[in-house]
Amino acid sequence: MKKAILALAVLYLLPAITCADDVFDVLEKLPIQRPDGTTQTLDSSLYAASVVMELKDGDGINTNFSNADTMERLVLSSIGGTLTFPVGNQAVISQFAIDHSQEIIDILFPGGIAANTVGQSENQLSASLVFDEVVAPIKSPRGSQRKQFKNELSGRLQYDNIELNNSNGYSLGTLLGYRRDVADRFEFGLLVPYRFTSLNDPSDTTAHFAQFDLFGTFTPYDRGITVKVGADAFTSVLVSQSNSIDIIGDLTYGGGIFSAIEKDFKSLIMTLGVGFKVSKTTLEFLPDTSDILGEIIKALNDREVDQDLTYGINLAIPYGENLMINVGAHRTNSFASDISSDRNAQTKIRMVLQYKISNAFELNGGYSTILEIKDYTMHSLFLNAIARF
């Protein structure tokens with residue numbers, strides 16, 4: 001992931017690439033103040049970083065940054081570190097940015113691009129989705145006749161209130177799901193989530209995230225205790241836009257294996273599960289403007305894969321024949337070396353009510369939240385409809 005972010009920094013922060021002549025091309029899109037005719041100041045944020053700047057005019061144009069001007073102060077700071085630029089003109093600042101590009105990357109995007117535009121990395125989003133929907137899914141009410149039907153189609157609407165890098169925002173999401181039982185012990189299905197995220201940050205960052213996940217499960221044992229094993233394969237796409245960077249995105253693909261054990265204690269149903277997933281992210285949505293970019297893309301294809309271990313529990317408590325109360329939690333640990341310790345683990349907690357309307361139709365709604373990720377909070381409400389046939 002660091003190589004992907006390096007490509008971004010070279011494209012948009014460094015003067016060698018035509019997308020940006022110098023560092024100031026990015027900074028000028030933030031809310032710069034001009035307290036007098038010879039000074040430009042900035043106290044704002046860019047993705048995860050706080051940005052403090054003071055620029056003195058020397059060419060009689062107090063809206064640019066030339067070699068006649070002097071950058072008296074420029075400091076970038078986040079959980080990824082702090083970088084103080086030297087005092088100097090445009091050439092000095094640009095060269096310093098080139099020499100310290102890796103530090104700039106770590107400060108702007110600790111944990112990766114998705115972690116600072118959506119709130120979670122692509123691999124964490126995928127691992128969490130499969131655990132919730134396949135490994136330890138919510139349970140239907142006691143009166144459900146689910147086993148009489150082979151096919152299940154579901155649709156979800158979701159609203160997330162989020163805070164990311166000290167900026168408020170929201171996400172609107174959908175989830176389409178289909179699954180089919182085969183010969184009692186086999187099941188296969190697919191999940192298609194989509195999420196639009198908007199942040200009220202100085203750059204007005206928005207992001208679109210979509211995924212396609214194909215999974216299959218097998219039940220080798222079902223006598224008092226039910227044992228389930230399975231695997232999945234997925235691909236996802238992220239596209240982000242902001243005032244500072246017109247468009248940036250990536251493609252992620254991978255797969256995983258998982259297992260779950262379920263026990264019905266009559267007063268509750270307990271499901272314990274664990275899954276392991278590997279994935280790879282490549283930077284795709286970049287303008288092809290130079291030979292340097294071509295070399296960067298080659299390097300991206302050789303990057304290290306992400307590895308995620310997810311484990312957790314779901315407790316289903318029946319209330320009559322038509323209502324089931326589900327409470328679940330799972331934790332995802334990411335082992336990729338380019339994810340910082342502040343963002344390499346997350347815990348998701350959810351509470352869901354599942355109600356049987358008829359033998360072929362159920363509704364559920366609930367709340368979820370995510371803990372442990374530095375500078376990110378999320379509170380989610382969702383409503384889901386399930387039809388069987």
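The model described here is predicted.

Lys-139 takes part in a salt bridge with Glu-262, with an N to O distance of 3.0 Å. Because Lys-139 belongs to the loop between H5 and E6 while Glu-262 belongs to strand E11 (residues 248-264), this pair ties together parts 123 residues apart in sequence. Glu-262 itself is partly exposed, with a relative accessible area of 22%.

**Overall composition**

The chain contains six helices and 17 strands. Of its 389 residues, 51% are buried. When contacts between residues at least 6 apart in sequence are considered, 60% of them join residues at least 24 apart. The chain exposes about 16,600 Å², and carbon and sulfur atoms supply 58% of that area.

**Salt bridges**

Side chains of opposite charge can pair when their charged atoms come close. Across the whole structure, a search finds twelve salt bridges.

| Pair | Closest N and O atoms | Relative accessibility of each residue |
| Asp-132 and Arg-350 | 3.7 Å | Asp-132 7%, Arg-350 7% |
| Glu-133 and Arg-156 | 3.1 Å | Glu-133 12%, Arg-156 14% |

Which elements does the salt bridge between Asp-132 and Arg-350 tie together? The closest N and O atoms of that salt bridge are 3.7 Å apart. Asp-132 is part of helix H5 (residues 122-135) and Arg-350 is part of strand E15, so the pair ties together parts that are 218 residues apart in sequence. Asp-132 is buried at a relative accessible area of 7%, and Arg-350 also counts as buried, at 7% relative accessibility.

Glu-133 forms a salt bridge with Arg-156, and their closest N and O atoms lie 3.1 Å apart. Here the partners are in helix H5 for Glu-133 and strand E6 (residues 151-164) for Arg-156, so the pair ties together parts 23 residues apart in sequence. Glu-133 counts as buried at 12% relative accessibility, and Arg-156 counts as buried at 14%.

Salt bridges also link Glu-152, Arg-179, Glu-187, Glu-362 and Arg-388 in a network.

**Aromatic pairs**

A pair of aromatic rings is described by the distance of the centres and the angle of the planes. The count of aromatic pairs in this model comes to six. For Tyr-159 and Tyr-170, the ring centres are 6.4 Å apart and the planes lie at 15°, so the pair is stacked. Tyr-159 is in strand E6 and Tyr-170 in strand E7 (residues 167-182), eleven residues apart, and the pair links distant parts of the chain. Ring pairs join Tyr-159, Tyr-170 and Phe-196 into a cluster.

**The buried side of helix H4**

Which residues of helix H4 (residues 101-108) are buried? They are Ser-101, Ile-104, Ile-105, Ile-107 and Leu-108. These residues cover an arc of only 165° around the axis, which puts them on the same side of H4.

Leu-272 is found in strand E12 (residues 269-283). Its relative accessible area is 42%, so Leu-272 is partly exposed. Apart from neighbours within four places in sequence, Leu-272 is in contact with Ser-259, Ala-260, Ile-261, Gly-312 and Ile-313. The C-alpha atoms of Leu-272 and His-330 are separated by 9.6 Å, although these residues are 58 residues apart along the chain.

A nonpolar patch on the surface is formed by Ile-317, Tyr-319, Ile-325, Val-327, Met-351 and Leu-353, which together have about 530 Å² of accessible area. Strand E13 (306-319), strand E14 (323-334) and strand E15 (345-358) are the elements that give two or more residues to the patch. Met-351 lies in strand E15 and counts as partly exposed, at 43% relative accessibility. Strand E15 also holds Arg-350, the salt-bridge partner of Asp-132.

Methods: Residues numbered from 1 in each chain as written. Predicted model: local features only at pLDDT ≥ 70, side-chain atom pairs only at ≥ 80, totals over all residues. Heavy atoms only, no water. Patch = residues over 30% accessible without salt bridge, like charges linked within 9 Å, V, L, I, M, F, W, Y side chains within 5 Å. Areas by Shrake-Rupley, 256 points an atom, 1.4 Å probe, with all protein chains shown as cover. Salt bridge = Lys/Arg side-chain N within 4 Å of Asp/Glu carboxyl O. Helix = DSSP H or I, 4+ residues; strand = E, 2+ residues; numbered from the N terminus. Buried < 20%, exposed > 50% of the residue type's maximum accessible area, 1.4 Å probe, protein only. Contact = heavy atoms within 4.5 Å. Arc of directions from axis to C-beta. Phe/Tyr/Trp six-rings, centres within 6.5 Å; stacked < 30°, edge-to-face > 60°.
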